[in-house]
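Please read the following points with the sequence and the model open beside them.

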Amino acid sequence: RIFGLMAATVEAKDKVQQVFNRLRAKAENKTCFDCNSKNPTWATVPYGVFICLDCAATHRGLGTHVSFVRSTVLDTWTTEQLRLMEAGGNLKARQFFKQHGFNDSGTKAEEKYTSRVATLYRQHLKQAAANLPQEGDKSPAEASTPRESSGYFDIPGESSAASVKPAASPSPPPTAVAPEPAPAPVVPLEPIKP
């Protein structure tokens, strides 16, 4: 821990490329999430989607509190960032936004990514990434199924059969508490003689 924060683990370049090769092989990730340009090589981490260089510039202009972009080829990636990308993808994000009234045409990036729906999607994606099996946690057969099924959720107040699933707060792992040592006996001090 550094100043109360956990240090991020940077993944090896070859592992990062394996993950992105697998994710970019999916048809939905072969076009930019925002403008449909072919072969996007950038990603917005909080949304887990692939975007082109031009749209990455737009996202940088939104500020890192809204969108944080990385090159899938040039930049280093942490384990947490890769997990968001694995849990996300252009299709899942597109379906979520469409379900909540955002279509691909006519909505400006600032309006889209600063909306309440975008905030909910970031939370949803973070939870989905946390539910992905950790490397080494399970056998290969168990690792193919997620720990907890999480579907999309709707905005409160909108008519739908689904309801919002609040983000589960992880409980800290149980720790063994060592008994406190007995206090040292108090020995009276003698005054110092001049």
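1. Rings of Phe, Tyr and Trp (its six-membered ring) are said to pair if their centres lie within 6.5 Å; planes under 30 degrees apart are stacked, those over 60 are edge-to-face, and the rest are tilted. Ring pairs of this kind link Phe33, Tyr47, Phe96, Phe97, Tyr113 and Tyr121 into a cluster. The count by this rule comes to 8 aromatic pairs.

2. This is a predicted model, in which local features need pLDDT of at least 70 and side-chain atom pairs count only at pLDDT 80 or more, while totals for chains, interfaces and linings use all residues. Residues are numbered from 1 along each chain as its sequence is written, and side-chain values use heavy atoms, with hydrogens and water left out.

3. Phe20 and Phe50 form an edge-to-face aromatic pair, at 6.0 Å centre to centre and with 85 degrees between the planes. Phe20 lies in helix 1 (residues 13–24) and Phe50 in strand 2 (residues 49–51), so the pair ties together parts that are 30 residues apart in sequence. Helices (H or I, at least four residues) and strands (E, at least two) are DSSP runs, numbered from the N terminus. Phe20 counts as buried at 0% relative accessibility, and Phe50 is buried with a relative accessible area of 0%. Here buried means under 20% relative accessible area, exposed over 50%, and partly exposed in between (1.4 Å probe, protein chains only).

4. How many disulfides does the structure hold? The structure holds 0, a disulfide being a pair of cysteine sulfur atoms within 2.5 Å. For Cys32, the nearest cysteine sulfur is that of Cys55, 3.7 Å away. Cys32 is buried, because its relative accessibility is 0%. Cys52 is likewise in no disulfide, and the nearest cysteine sulfur, that of Cys35, is 3.6 Å away. With a relative accessible area of 9%, Cys52 is buried.

5. His100 lies in the loop between helix 4 (90–99) and helix 5 (109–113). Is His100 buried or exposed? Its relative accessibility is 7%, so His100 counts as buried. The side chain of His100 reaches the backbone oxygen of Phe96 at 3.0 Å.

6. The second largest pocket is lined by 13 residues, of which Glu80, Leu84, Lys126, Ala129 and Ala130 lie nearest its centre. Helix 3 (79–87) and helix 6 (116–130) are the elements that give two or more residues to this lining; helix 6 gives the most, with 5 residues. A pocket is an open set of points on a 1 Å grid over the protein atoms alone, where a 1.4 Å probe fits, with protein on both sides within 12 Å along at least five of seven lines; lining residues have an atom within 4 Å of a point.

Methods
A polar contact is a pair of N or O atoms within 3.5 Å; within protein, one must be able to donate a hydrogen and the other to accept it, and residues adjacent in sequence count only if both atoms are side-chain atoms.
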